[in-house]
Amino acid sequence: MATTKKKAVRRAKKGQRIRQVAAIPFRLREDGGFEVLLVTSRTTRRFIVPKGWPMKGKSGRRAATIEAQEEAGVLGKSLKQPAGTYSYWKRMTDGFIRVDVSVYLLQVTEELADWREAANRQRAWLPPADAALLIDEPELSTLLRDLIIPAADPS
């Protein structure tokens, strides 16, 4: 994935828009409500949603599902349509680049005790309104705060 990141940085320096994909893992509660899963970033330890660069040969939906497994240790089914988008400034070694993120909902079916980035991240299940308060990116915070889980996904 380092090659994708290098390409993205080159494109950003030329003024082109950069894309990433993200997952908002969620689980339904018995009372009919739901919770979302946040993870800490590896470097700043801020709460974020699992996200990453697009993956060659994989849809945005599939790439977001893979990121959720690697970064949050969860498996599940991502909903077909993106839940929304947000933009943020990504910190790079020599500055910042603007990134547009497509966000997919992932209904969690399994939470792994051990996963790829377990040693580098913490995870927390929270009601969406509480999760929104912990997120630094304003657009993602709004997306979480206003999140509605579709009753059924036809995919």
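## Aspartate 130 and helix α3

Aspartate 130 is part of helix α3; helices here are DSSP runs of H or I with at least four residues, strands are E runs of at least two, and both are numbered from the N terminus. This is a predicted model, in which local features need pLDDT of at least 70 and side-chain atom pairs count only at pLDDT 80 or more, while totals for chains, interfaces and linings use all residues. Residues are numbered from 1 along each chain as its sequence is written, and side-chain values use heavy atoms, with hydrogens and water left out.

With a relative accessible area of 38%, aspartate 130 is partly exposed. Buried means under 20% relative accessible area, exposed means over 50%, and partly exposed is in between (1.4 Å probe, protein chains only). The C-alpha atom of aspartate 130 is separated by 8.0 Å from that of arginine 145, and the two residues are 15 residues apart along the chain.

## Helix α4

Arginine 145 and Pro138 are exposed on one side of α4. The buried residues of this helix are Leu140, Ser141, Leu143 and Leu144. These four cover an arc of only 160° around the axis, so they lie on the same side of α4; the arc is that of the directions from the helix axis to the C-beta atoms. An α-helix has 3.6 residues a turn, so residues three or four places apart point the same way.

Leucine 140 lies in helix α4 and counts as buried because its relative accessibility is 0%. Its C-alpha atom is separated by 5.8 Å from that of tyrosine 86, although leucine 140 and tyrosine 86 are 54 residues apart along the chain.

## Buried valines in two strands

Valine 36 belongs to strand β2. Its relative accessible area is 0%, so valine 36 is buried.

Valine 99 is found in strand β7, and it too has a relative accessibility of 0%, which means that valine 99 counts as buried. The C-alpha atoms of valine 99 and glutamine 20 are separated by 6.8 Å, and the residues are 79 apart along the chain.

## Salt bridges

How many salt bridges does the structure hold? There are 12 salt bridges, each defined as a side-chain nitrogen of Lys or Arg within 4 Å of a carboxyl oxygen of Asp or Glu. One of them pairs arginine 27 with glutamate 111, with 3.9 Å between the closest N and O atoms. This pair links distant parts of the chain, since arginine 27 is in strand β1 (residues 18-28) and glutamate 111 in strand β7 (residues 95-111), 84 residues apart. Arginine 27 counts as partly exposed at 30% relative accessibility, and glutamate 111 as partly exposed at 37%.

Another salt bridge joins aspartate 136 and arginine 46, with the closest N and O atoms 3.4 Å apart. Aspartate 136 lies in the loop between α3 (128-134) and α4 (138-145) and arginine 46 in the loop between β2 (34-40) and β3 (47-48), so this pair ties together parts that are 90 residues apart in sequence. Arginine 46 is partly exposed, at a relative accessible area of 28%. Glutamate 139 and arginine 98 also meet in a salt bridge, at 3.7 Å from N to O. Glutamate 139 is in helix α4 and arginine 98 in strand β7, so their pairing ties together parts that are 41 residues apart in sequence. Glutamate 139 is partly exposed with a relative accessible area of 38%, and arginine 98 is partly exposed with 28%. Through salt bridges that share partners, Arg27, Glu35, Glu111 and Arg123 are joined into one network.

## Arginine 45

Arginine 45 is in the loop between β2 and β3. Its phi is near 65°, a positive value in a residue other than glycine. Arginine 45 is partly exposed, with a relative accessible area of 39%.

## Positive surface patch

Which residues gather in a patch of positive charge on the surface? They are Lys6, Lys7, Arg10, Lys14 and Lys56. Patches are made of residues with over 30% relative accessible area and no salt bridge; like charges are joined within 9 Å, and nonpolar side chains (Val, Leu, Ile, Met, Phe, Trp, Tyr) within 5 Å. Arginine 10 is placed in helix α1 (residues 2-13).

Key: Accessible areas come from the Shrake-Rupley method with a 1.4 Å probe; for residues, only the protein chains shown count as cover. Lys and Arg count as positive and Asp and Glu as negative; His and the chain ends are not counted. The place of a charge is taken as NZ of Lys, CZ of Arg, CG of Asp or CD of Glu.
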